[in-house]
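This briefing is meant for a reader who is meeting the structure for the first time. Please keep the sequence and the 3D view at hand while reading the points that follow.

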Amino acid sequence: MKITGVFLLPKDVQLVQVNTLPEDKRRQFEAEDGDFVMTRLRARSPSKVIDADMAKLVQRFKEGKTIVAAVLEFCKDCGHDPETTLQAAYPILEELIQANFLAADGSEEAAPVEAGLKQGDDWSGLKVIRTVQVLEDSEIYQASTKDGELVVLKLARSGTAVQRLTRMISREAKILEHLSGVVSPRVRAHGEFEGRPYLAAQWCEGVHGARAAGRLRSMHGREGRRRLLDLCCAIADAYAFLHEQNVIHGDVHPGNLIIGDDGKVTIIDFGFARLTADEGSSLSRSQRGGLGFFFEPEFATASLGKMQKSPQSSYLGEQHIVAHMLYQLMTGHGYAEFSVQREESMRQLAESNPEPFARWGLDPWPDVEAILRRALARNPADRYESVKDLAKALRSAAIPEPVRREPPAPPAATSPLSDRLLLDYLRRFDPAGALFASGLPEPPYSSVNYGSAGVAYFLYRIACIRNDALLLSWSKLWIEKAISEAASKGEPAFTNPGGEITRDIIGPVALYHTETGLYAVKALIGHAMGDIPSELDGLGGFVREAQKPCDNIDLTLGSSGVLLGCALMAEAMPNHAPIRRLGDVLLKEIWTRIESMPAIEEEKQFRFTGIAHGWSGVLYAVLMWCRATQVKLPATLPDRLDQLANLAEPAGAGVHWERKVRSARHRDPSDVSPSWCNGTGGMIHLWTLAHQMLRDQRFLELAEGSAWNVIEASDSVDQICCGRPGQTYGVINLFKHTGESRWLGHAKAMAEKCLRLTTPPHGTQVPSFYYGLYKGPVGSALLSADIETPSEAYMPMFESEGWANGFGMKMPA
């Protein structure tokens, strides 16, 4: 490394302060609260912890600088001695450069890691269908041959990766040919094209091992455990077959397993494999692969001893790693609480024994735990003689009867009436019932606000709250129904002919009223289920439908709503490039419009202040997108927030805004509302988010003032959009932001009152919009479930669901 070189902090490197991480993630790092975690998207290098001063120094490289220039600039601002700082920082900077957290300006390593091919591109006679995965050294695509056969196309990224990937791809092709497709894909082509090595192999339908096991873990009772054990036996059998063919895989982890619908196990990614029978050839030796903590203790011990050369993979070593993977598939956890920092995880691997299943809150499974304990022995001589013996032992394991538990008593704060409301909706939304067969009784039939997509989202959220796979499967049926009816019912799918909800009103792309919302819900449900085809279809449909021209920038009817949808999906599914491109384009278009407007109090056309149709909604959507993607905030956004803040007026113990901006002599003090759509109930979300991102104390005060305005209101409307449930979600949001119990107390009291506003009707005759998520009591029923776990309660299709923090979703991955 030349100290005179110019280095850059790549745009896809993220710095996250440790004390902002949820507790389970925080425990994985040996770090102080003021430290930062440094991560590069799509990189193979593990995250790195740096202290606050180093984080400040690293951020000097956002624009290309030499190390000396960055240190001098840092020391000038912080008052440190440059020579001492350079001596202390140089070894850490060297590590960051070696791991590509910092890269030479102008180099390929400095550019964000993105796919080099797109749908429809040709590659050596293969047509690209879609991107599967992009890493810093390789790209993987689904493609088709001229005969229409689906293949997986793996190729090296250009640059320094080419030479190493040439050897790995050649190795993988030869070993796959040796295995003849029994538990691995068959090779279709390999070689070099345009200077880059590639491999095309048979496409195997299915899901990764972790997703397949997660579905089975969500099943209750003996049947779920039986099927989970069958899956693990099949996986062990597959690795036993490899070993009998003299192949050590060398890179065992759940992501290198494809599980078909029929339970067939396919092992993929043989770039680190060894063919041990071919002694003396290059195939008998290999670099070590391995992901995270999937290494054997003997490797970890050698790593801690700073051996210059890692030990070769071995049969007994791979047995340990396979057993570790099976433990994780059965429990959802590693066999110890492993750190994400490499040196600490190596120490844990060298010293730790497997935890009992009860450590993770699971029923004991004595036979399986004993079998895995032997395979996970730290001394190789204490393990089974082979993976085949491990598989045989697993097949003999008894499946114990589930531990009987008394169902938890309902929380004291929940009224019987609110129970009846939630249960009434769940009974009506059962896909085996009459409502699903006949469809909703009135239009709009399909939308998020009024129709089947809102039902699907409601069931998805209840499934997440309850960790209920059955309800999640119901949500998938309802969203498929919504999409089908959007095509078959014509205009009534999204409008009510003869009423107020017309195409002219809802526009072409409204998240809550058109096809974009349907596909957003489908993507979220597919992601929660681990149903990759549904997830991708939802993402693709959302991007496709969002392309329609739209001049309206408001949140509920215009392009800001689409930007909010992009933010919700980017948070849950951060690696989908089309969503990122769409969101970036929308942000630019929306802010260009905003920049063309005068100050808010002077604007004559865009005059509303609230979330649904005004300034609050646009600013909220922009903040959500920038937070979800770490995009820099528009430079003038703080000015717009200040302009909106300046329009606040005292009201009782709080503040409020007039619904419309008017000149001084035309002010209307009565035109105010505590609602989510047009008033303070929605503005709470804006001001807490602004405070979180900009740390301006004034914004927190406005959030609290808005909350007091809501609390003091006497609204009795039983819907999220314009009524008490939506306002309650705002107060819950303030509780989550501050952690102050007083706000939770108010929210629970409000929830209890608004849950008494609706009595479930008898029979099939229901009030108008009874099945509307935003415009009916469905929102109250969802609130009744959310209020029991308020730290994980989310305003539906509006508020961040917590995916970026790792706790927005309770269903197994």
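Helix H25 has 16 residues and reaches 23 Å from its first C-alpha to its last, which is close to the 22 Å expected at 1.5 Å a residue. The model is predicted, and the protein in it is divided into domain 1 (6–110), domain 2 (121–202), domain 3 (221–396) and domain 4 (418–484 + 499–787). Between the C-alpha centres of domain 1 and domain 3 there is a distance of 34 Å.

- The buried residues of H25 are Phe699, Leu700, Leu702, Ala703, Glu704, Gly705, Ser706, Ala707, Asn709, Val710 and Ile711.
- These buried residues pack against helix H23 (637–645), strand E18 (649–651), E19, H24, H26 and helix H27 (741–754).

**The annotated cysteines**

- An unreviewed UniProt entry places the feature "binding site" at Cys677 and Cys721; although these positions are spread over 45 residues of sequence, they cluster in space, with a largest C-alpha distance of 5.6 Å.
- Cys677 is found in the loop between strand E19 (654–656) and helix H24 (680–694), and because its relative accessible area is 6%, under the 20% limit, Cys677 counts as buried.
- When neighbours within four places in sequence are left aside, Cys677 is in contact with Gly610, Ile611, Ala612, His613, Cys721 and Cys722.
- Cys721 lies in the loop between helix H25 (697–712) and helix H26 (724–738), and Cys721 also counts as buried, at 8% relative accessibility.
- With neighbours within four places in sequence again left aside, the contacts of Cys721 are Ser675, Trp676, Cys677, Tyr774 and Lys775.

**Helix H22**

- Helix H22 (residues 615–629) is made of 15 residues and reaches 22 Å from its first C-alpha to its last, close to the 21 Å expected at 1.5 Å a residue.
- Of the 15 residues of H22, 13 are buried, so the helix is largely enclosed by the rest of the structure.
- Gln630, which follows H22, has a positive phi, near 60°.

- Strand E7 (residues 122–123) runs antiparallel to strand E8 (residues 126–134) and is joined to it by two bridges, with Trp123 standing opposite Leu126 in E8.
- The hairpin of E7 and E8 has two residues between the strands, and Ser124 in this hairpin takes a positive phi near 50°.
- E8 is in turn joined by six bridges to strand E9 (residues 138–144), in an antiparallel arrangement; these two strands form a hairpin with three residues between them, and Gln133 stands opposite Ile140 in E9.
- Seven bridges join E9 to E10, again antiparallel, and the bridge partner of Ile140 in E10 is Lys154.
- The hairpin formed by E9 and E10 has five residues between the strands, and Gly148 in the turn has a positive phi of about 90°.
- E10 and strand E12 (residues 196–202) pair in the antiparallel sense over five bridges, where Val152 has Ala201 in E12 as its bridge partner.
- Five of the seven residues of strand E10 (residues 150–156) are buried, so this strand is largely enclosed by the rest of the structure.

Definitions and conventions: Residues numbered from 1 in each chain as written. Predicted model: local features only at pLDDT ≥ 70, side-chain atom pairs only at ≥ 80, totals over all residues. Heavy atoms only, no water. Pairing = 2+ DSSP bridges. Helix = DSSP H or I, 4+ residues; strand = E, 2+ residues; numbered from the N terminus. UniProt positions renumbered as here; feature names shortened; annotations may be inferred. Buried < 20%, exposed > 50% of the residue type's maximum accessible area, 1.4 Å probe, protein only. Contact = heavy atoms within 4.5 Å. Domains from an automatic or database assignment. Expected span 1.5 Å × (residues − 1).
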